[in-house]
Amino acid sequence: GISVGNLIGSNIFNIGSVLGITAIIKDIPIAEEIIQRDILWMMAFTVLIKVLSVLPEKNKISKYKGIVMLVGYFVFIFLAFT
């Protein structure tokens, strides 16, 4: 539980605080492909994690759920670089 909380908290802090402070100092250009492709993948993974969290074995990331997430990541990497 501590590991997951730390991971999520770190991601939220990095996006909100580090990116926010940097943007205050200097504008940050965003590549068009990030807006078109990567944002959709982030939203898809958010939905996937939500769906996996309500399946049987709530509050657990089982071996099978981990495999699903890892396969999703490999699909993203494959599609992003081909």
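This is a predicted model: local features need pLDDT of at least 70, side-chain atom pairs count only at pLDDT 80 or more; totals for chains, interfaces and linings use all residues.
Helix 2 spans residues 32-54, and helix 3 spans residues 63-80. Their packing angle is about 170 degrees. The axes lie 11 Å apart. Angles over 145 degrees count as roughly antiparallel, so helix 2 and helix 3 are roughly antiparallel to each other.

On the helix 2 side, the contact is made by Arg37, Asp38, Trp41, Phe45, Leu48, Ile49 and Leu52. Helix 3 meets them with Lys65, Val68, Met69, Gly72, Tyr73, Val75, Phe76, Leu79 and Ala80. By class, this contact has twelve nonpolar residues, one polar residue and three charged residues.

Lys65 belongs to helix 3. Its relative accessibility is 7%, and residues under 20% count as buried, so Lys65 is buried. Beyond its neighbours within four places in sequence, Lys65 is in contact with Leu52, Leu55, Pro56, Glu57 and Lys60.

The largest pocket holds about 830 Å³ of space. It is lined by 22 residues. Closest to its centre are Ile8, Asn11, Phe45, Thr46 and Ile49. Helix 1 (2-25), helix 2 and helix 3 each supply at least two lining residues. Helix 2 gives the largest share, with ten residues. The lining comprises 15 nonpolar, four polar and three charged residues.

Conventions. Residues are numbered from 1 along each chain as its sequence is written. Side-chain values use heavy atoms; hydrogens and water are left out. Axes are lines fitted to C-alpha atoms, for helices over the stretch in contact, and angles run from 0 to 180 degrees between N-to-C directions. Helices (H or I, at least four residues) and strands (E, at least two) are DSSP runs, numbered from the N terminus. Angles under 35 degrees count as roughly parallel, over 145 as roughly antiparallel, 65 to 115 as roughly perpendicular and the rest as oblique. Contact means heavy atoms within 4.5 Å. Ala, Val, Leu, Ile, Met, Phe, Trp, Tyr, Cys and Pro count as nonpolar, Asp, Glu, Lys and Arg as charged, and the others, Gly among them, as polar. On a 1 Å grid over the protein atoms alone, a cavity is a set of points where a 1.4 Å probe fits but cannot get out, and a pocket is an open set with protein on both sides within 12 Å along at least five of seven lines; lining residues have an atom within 4 Å of a point. Grid points are joined across faces, edges and corners, and a volume is the space filled by probe spheres set on the points. Buried means under 20% relative accessible area, exposed over 50%, partly exposed in between (1.4 Å probe, protein chains only).
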